[in-house]
Amino acid sequence: MPDLCRSLPAGQQRQGRRLLALLAGALYPLALAPVEWSAAGILSAAALCALIQDSGPRETLLRCLWFGLGMFGVGASWVYVSIHVYGHAPVALAALFTSLFVILLALCLAVPFSLHGLVRHRPALTVLAFPSLWVLAEWFRGWFLTGFPWLYLGNGHIDSWLSGWAPLGGVLALSWIAAFTGATIAQLPRLREHRRAVLAALLGSGLLWLAGWGLAGHSWTTPASSPIKVALLQPALPLEQKWDNDALLRILDIYHDETTKLWDNDLVIWPESAIPELRHRVDHFLNWIDRQAQANDTTLITGVPTQAGGLYYNSVIAIGQGAGIYHKRHLVPFGEYVPLEQWLRGTIRFFDLPMSAFSPGGGEQPLLRAGSHSIATAICYEVVYQDLVARTTADADLLLTVSNDTWFGASIGPHQHFQMARMRALENGKPLLRGTNDGITAIVDNRGKVQARLPQFERAVLSGEVVPHTGATPFARLGSLPVILWSLGVVFCLLAAGRWKSRG
């Protein structure tokens with residue numbers, strides 16, 4: 001790819017390659033939902049590797065920054081919808097916040113790659129350094145400033161041969177192998193002068209893909225019992241109506257009327273904050289539903305805000321033949337709490353969204369129970385944190401995530417969110433039930449395959465069967481740690497080798 005700019009003057013070459021990096025980054029989101037052309041991510045990574053493999057640290061940083069601007073400018077564009085359409089921020093302010101967010105994410109990707117200059121002109125080291133730095137950049141982005149583990153390269157391979165690696169190393173293992181493949185492709189023009197190194201990389205990449213195909217047939221968890229009947233209600237309530245106090249009784253009537261037809265199921269699920277009122281203020285309604293669920297030998301799980309003392313929680317409760325309460329642990333900044341609240345709250349409507357004063361739940365919480373089955377729960381945004389989910393799944397029979405993706409509108413956001421939820425099922429070897437307000441509501445099996453789903457923006461019920469599973473995958477026990485340590489080890493060795501070479 002750099003050859004396209006070689007005939008230009010030096011300054012224009014630099015500008016041209018930065019533009020190519022921007023375009024390569026903009027191509028990257030095509031690998032993810034809803035397009036799901038996994039090759040796009042590999043080709044995009046290959047283009048970036050080719051563009052930086054001979055550049056100095058400063059130019060590498062700038063080209064990776066431009067790549068990140070394209071990647072997040074396209075892939076995270078739904079943030080604007082949340083801020084402007086539903087947060088009611090003015091167009092200019094929403095565009096400013098979105099732009100600052102994209103720039104920050106692009107920097108999170110670019111800064112680790114400033115170390116890539118250590119392996120310039122050395123293809124054998126590049127194919128190891130590039131995927132390791134890529135994974136470290138993804139890992140860093142997953143926790144820095146509360147984290148944004150979105151647009152991981154591995155998510156685009158939930159249906160490819162690489163998916164077999166997910167139960168072992170999680171999404172970051174898939175990212176590493178996909179980036180390794182991209183780095184290998186970037187070395188192909190150097191085949192003549194670095195024949196052994198490039199052929200070794202091609203062989204290694206091929207073996208990793210073949211191993212993924214073979215691992216995909218292995219079952220890491222065991223069916224626990226016969227299938228259970230489940231029904232997930234997607235009410236498709238407009239966001240403005242959902243948080244309108246005058247509409248509360250009408251909303252409760254909708255849930256009651258729709259659920260009356262579902263009592264022949266073992267488990268009924270309502271979405272996140274299905275009841276837009278604090279639990280203790282609607283106890284009469286919940287007690288009524290509880291009695292009906294018990295009379296029909298059914299468990300009902302619903303999202304409902306709760307209060308304990310002076311603290312408020314985004315919670316999920318199980319009633320009827322079920323029991324337990326789960327408080328969301330990882331909150332969304334500005335959506336569920338406001339950083340620097342004393343200065344920001346009240347300045348614009350975006351900082352006064354309904355239920356934006358939650359507290360995080362404790363790190364260790366009992367699993368929900370549905371009859372004899374245990375359920376690991378993640379509320380909305382939490383499901384994108386692979387290690388957070390893994391910590392609760394080893395002793396669970398099912399995974400549950402409830403969400404309200406109405407905040408994303410008709411953007412690509414809900415599709416990306418659903419793809420990441422599917423990855424959690426695959427990583428942990430447990431079936432996943434996903435209940436949302438207006439989509440994407442779905443039943444996913446223990447291999448991350450969609451068994452059934454509802455169309456977006458329609459009031460409907462998704463009924464089906466799901467088989468609980470026991471046991472734990474290697475990823476559920478170890479999380480992302482092995483892949484992170486491997487990537488850190490590679491980079492440390494390259495740093496040590498670079499220091500030794502400079503002294504020599």
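**Loops and helices in a predicted model**

At a relative accessibility of 2%, L151 counts as buried (under 20% relative accessible area, with exposed meaning over 50% and partly exposed in between, for a 1.4 Å probe and protein chains only). The model is predicted, so that local features need pLDDT of at least 70 and side-chain atom pairs count only at pLDDT 80 or more, while totals for chains, interfaces and linings use all residues. Residues are numbered from 1 along each chain as its sequence is written, and side-chain values use heavy atoms, with hydrogens and water left out.

L151 lies in the loop that runs between α6 and α7 (166–186), where helices (H or I, at least four residues) and strands (E, at least two) are DSSP runs numbered from the N terminus. Although L151 is a residue other than glycine, its phi is positive, near 65 degrees. E36, also not a glycine, likewise has a positive phi, of about 60 degrees, and E36 sits in the loop between α1 and α2. With a relative accessible area of 37%, E36 is partly exposed.

The loop between α1 (10–27) and α2 also holds P34, and the peptide bond that joins A33 to P34 is cis, with omega about 5 degrees. Another cis peptide bond leads from G439 to I440, with omega near 10 degrees, and I440 is placed in the loop between β11 (432–436) and β12 (442–444).

G217 is exposed, its relative accessible area being 61%. Between G217 and G164 there are 53 residues in sequence, yet their C-alpha atoms are 7.5 Å apart in space.

From the loops we turn to the helices. Helix α2 (residues 38–52) and helix α6 (residues 123–141) have axes, lines fitted to C-alpha atoms over the stretch in contact, that come within 11 Å and cross at roughly 120 degrees, on a scale from 0 to 180 degrees between N-to-C directions. On the α2 side A45, L48, C49 and I52 take part, and they meet T126, F130 and W134 of α6 (contact means heavy atoms within 4.5 Å).

Buried residues of α10 include L248, I251, L252, I254 and Y255, and the elements that the buried residues of α10 pack against include β2 (228–234), α11 (283–295) and β14 (460–466).
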